[in-house]
Amino acid sequence: MTELVKLEGVARYFDVSPPWLNRVLEGRGRVILRAVDGVDLTIRKGETVGLVGESGCGKSTVARVIVGLYAPTRGTVRYDEVAIAGEGAASDPRALRRARRGMQMIFQDPYASLNPRWRVAEIVAEPIRSQAPDTPRGEIAARVADLLCQVGLAAADGAKYPHQFSGGQRQRISIARALSTNPAFLVCDEPTSALDVSVQAQVLNLMRDLQRGLGLTYLFISHNLAVVHHIADRVGVMYLGRIVELAPTRDLFADPQHPYTRMLLDAVPDLTMTGEARTAVAGEVPNPLDPPPGCAFHPRCPYADERCRREVPALRAVGGSSDGQAACHAVEEDRLSPRVVPIAAR
Amino acid sequence: MTDVPAAQPLLAVEGLRVEFPTRRGTLVAVHDVTFAIAPGEVLGVVGESGAGKSLTGAAIIGLIDPPGRIAAGEIRLAGRRIDNLPYETMRTVRGREIGAVFQDPLTSLNPLYTVGRQLVETIRTHLPMSEGEARRRAIELLEEVGIPGAARRIDHFPHQFSGGMRQRVVIALALAANPKLIVADEPTTALDVSIQAQIIQLMKRLCREHGTAVMLVTHDMGVIAETAHRVAVMYAGRIVEIGPVADVIHRPQHPYTVGLMGSIPSIAEERERLTQIDGSMPRLTEIPSGCAFHPRCPHAVARCSEERPGLMPAGASQAACWLRSAP
């Protein structure tokens with residue numbers, strides 16, 4: 001498979017310092033939030049890469065850097081081999097526009113991401129109007145009707161306003177809007193988190209059908225491990241701005257390597273675990289303004305040693321047949337005890 | 001876990017009906033809901049948005065926002081009716097006998113007072129204790145819910161706590177007067193998975209140790225699966241199925257429960273497609289006749305649209321579905 005999107009050492013910092021006057025009067029320094037701190041990720045054509053992690057781990061920031069809503073502080077974003085953002089970004093605006101046209105984003109909140117004063121047909125047509133302004137009206141209308149049918153709505157729904165639809169239907173409208181310019185790559189930031197489970201199932205099934213039919217590539221961001229397990233081909237686990245483990249979905253869930261991944265999997269409440277006691281997870285995510293030195297997970301990690309407290313581990317291929325990678329000294333030095341019950345075998 | 005002594009129920013809800021009068025007529029949000037919770041039992045109440053699960057919880061703690069009101073039915077706590085108590089009496093019941101835990105820990109705490117002051121106030125409202133005694137009890141409570149350095153943390157403000165720690169403080173508040181029942185409405189929904197696991201564990205331990213019964217309202221079946229003894233599934237304001245947790249999850253009887261269970265992705269199995277229930281929950285203004293689920297039900301027959309099924313025995317559970325009625 002060919003690479004479609006490639007992140008090379010992408011970082012995004014935010015300056016969250018107090019105002020200048022406060023800094024001077026109170027003698028405080030600048031405060032930098034490292035939301036994403038060195039992420040390497042390759043997304044191949046036609047696959048779904050899931051990105052999971054807890055709040056504040058930087059997964060949404062990665063999504064926004066890829067689609068260009070944030071500029072990376074360091075590193076390069078490549079789309080179809082064109083560097084579209086960061087160091088060495090292409091300067092030819094036409095090449096950039098062509099690359100940008102290939103990607104679209106679906107947001108979490110279907111109530112906030114649709115303009116309440118626009119009719120659905122206008123919402124869905126807007127990307128076409130902005131990217132190909134000379135498209136004849138009739139053609140746009142036909143395309144909009146076609147898109148609405150594709151996402152399971154009726155062509156006549158174009159005349160309605162967003163408030164006339166339920167959450168799940170609104171998310172279908174968001175998907176239709178994202179598909180209107182024939183993108184190859186969709187960045188989906190928690191697309192089903194605001195939906196009820198039965199509606200979530202409808203949207204997930206729809207997304208899978210669309211992927212099959214149109215050959216789409218997805219970056220699917222979610223905090224829900226079960227949803228990512230269902231939809232993704234490969235999964236990246238993020239912790240405090242870095243990817244700590246990246247592996248094919250089956251391997252990641254059956255044989256997680258990084259202690260943080262193991263902890264997350266143990267914490268997921270699952271239907272199969274009726275009444276079972278589970279291993280409690282110690283600790284909380286540290287303050288991202290002041291992350292621990294070395295491996296950011298070391299204060300919660302049962303395997304942490306001197307090296308973990310000092311040296312930041314890099315994402316390295318881990319043993320076995322898979323093309324999984326983990327950023328962990330303990331995994332690299334083979335200090336981990338084998339996991340007692342793999343989730344998939346329960 | 002499913003064996004709970006069948007004693008006299010601690011909480012008995014009988015034919016509960018919650019209405020909202022509107023300009024266009026009365027909306028019935030909770031319809032003829034009947035269930036009981038035994039002492040020490042955890043009853044999970046699940047359903048999708050608008051199913052009436054949170055309102056049922058709010059009715060029990062007497063916190064339905066006007067113009068909503070309990071229009072019919074009875075709520076009994078240890079044999080005593082609590083649905084028709086005057087406001088001030090209900091205030092002492094709530095807190096002393098029923099504790100409440102809500103979804104968002106930040107809105108349940110007053111941001112202007114230290115958590116210690118809020119705990120001491122709650123304790124002294126319900127228990128005859130001096131300031132000093134109440135403070136010692138507050139520290140004990142914070143220790144019990146797993147807040148490290150409780151003696152120091154008691155003088156901190158809510159914003160100085162993380163989300164998970166705040167929810168622990170809220171649980172400590174709910175436990176302050178040692179209530180017999182806790183109504184928890186989506187207590188873990190706003191939390192990250194690893195913190196969610198800690199809170200679930202904590203609630204399970206506290207219930208076991210104190211013999212507190214819990215009504216756990218959530219949309220997350222995973223949380224229910226791990227915590228509850230019995231589950232009630234709500235749809236469009238009614239209970240459509242109620243039974244032991246393992247039966248409802250693994251041998252669901254009502255077609256809605258079957259669809260709901262099938263639509264939940266699981267990390268324990270791989271499926272090409274999730275079961276989907278087409279359509280969505282009806283609005284309160286347009287509840288279908290007969291069984292409210294019949295327009296979405298794959299097995300609906302003529303009777304389903306004409307006559308409403310009541311709860312009837314189905315396997316180890318009870319389900320409100322004509323398919324389960326004896327032929």
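# Reading a predicted two-chain model

User: How many of the 346 residues of chain A count as buried, and what makes a residue buried?

Analyst: Of the 346 residues of chain A, 46% count as buried. A residue is given that label if 20 or more other C-beta atoms lie within 10 Å of its own. The model is a predicted one, and the value is computed from its atoms. In chain B, 48% of the 327 residues are buried.

User: Why is A:Val312 called partly exposed?

Analyst: A:Val312 has 14 other C-beta atoms within 10 Å; buried would need 20 or more, and exposed 12 or fewer, so the label in between applies. A:Val312 sits in the loop between α11 (306-310) and β11 (316-317) of chain A. Leaving aside neighbours within four places in sequence, A:Val312 is in contact with A:Gly294 and A:Cys295. From A:Ser130, A:Val312 is 182 residues away in sequence and 44 Å away in space, C-alpha to C-alpha.

User: How do you know that the radius of gyration of chain A agrees with that of a compact globule?

Analyst: The rule for a compact globule of 346 residues gives a radius of gyration near 20 Å, and chain A has 22 Å, which agrees. The C-alpha trace of chain A spans about 65 × 55 × 40 Å along its principal axes, and chain A holds twelve helices and twelve strands. Among its contacts with a separation of 6 or more, 64% are between residues 24 or more positions apart.

User: What makes chain B as compact as a globular protein of its length?

Analyst: Chain B, which also has twelve helices and twelve strands, has a radius of gyration of 21 Å, close to the 20 Å that the globule rule gives for 327 residues, so it is as compact as a globular protein of that length. Along the principal axes, the C-alpha trace of chain B spans about 65 × 50 × 40 Å. Of the contacts in chain B between residues at least 6 apart in sequence, 63% join residues at least 24 apart.

User: How do you know that the span of α7(A) is close to the one expected?

Analyst: α7(A) has 18 residues, for which 1.5 Å a residue gives an expected 26 Å, and from its first C-alpha to its last the helix reaches 25 Å, close to that value. Just after α7(A), A:Gly215 takes a positive phi of about 65 degrees.

User: Which residues of α7(A) are buried, and what covers them?

Analyst: The buried residues of α7(A) include A:Val197, A:Val199, A:Leu204 and A:Met207. Their cover includes α6 (167-179) and α8 of chain A together with α11 (255-262) of chain B.

User: How many residues of each chain are in contact between chain A and chain B, and which element of chain A gives the largest share?

Analyst: In chain A 38 residues are in contact with 38 residues of chain B. The elements of chain A that give two or more residues to this side are α7 (197-214), α8 (225-231) and α10 (259-267), with the largest share, seven residues, coming from α7(A). This side of chain A divides into 19 nonpolar, twelve polar and seven charged residues.

User: Why are β2 and β5 of chain B said to stand at the edges?

Analyst: Four strands of chain B form an open antiparallel sheet in the order β2-β1-β4-β5. β2 (25-37) and β5 (80-81) each have a single partner strand, so one side of each is left without a neighbour in the sheet. Within this sheet, seven bridges join β1 (residues 11-22) to β4 (residues 69-77) of chain B, where B:Val18 stands opposite B:Ile70. Helix α1 (residues 53-60) of chain B lies across β1, β2 and β4 of chain B and runs at about 110 degrees to β1(B).

User: What makes both faces of β6(A) covered?

Analyst: In β6 (residues 103-106) of chain A, A:Met103 and A:Met105 on one side and A:Gln104 and A:Ile106 on the other are all buried. Four bridges join β6(A) to the parallel strand β7 (residues 185-189) of chain A, and A:Met103 has A:Phe185 as its bridge partner there.

User: How do the axes of α4(A) and α6(A) cross, and which residues meet?

Analyst: The axes of α4 (residues 120-131) of chain A and α6(A) come within 7 Å and cross at roughly 30 degrees. A:Val120, A:Ile123, A:Val124 and A:Pro127 in α4(A) meet A:Ile173, A:Ala176 and A:Arg177 in α6(A). The residues of this contact divide into six nonpolar, no polar and one charged.

How values were computed: Residues numbered from 1 in each chain as written. Chains lettered and ligands numbered in written order. Predicted model: local features only at pLDDT ≥ 70, side-chain atom pairs only at ≥ 80, totals over all residues. Contact = placed C-beta atoms within 7 Å. Nonpolar A, V, L, I, M, F, W, Y, C, P; charged D, E, K, R; others polar. Rg over C-alpha atoms; globule rule 2.2 N^0.38 Å. Expected span 1.5 Å × (residues − 1). Pairing = 2+ DSSP bridges. Axes fitted to C-alpha atoms, helices over the stretch in contact; angles between N-to-C directions.
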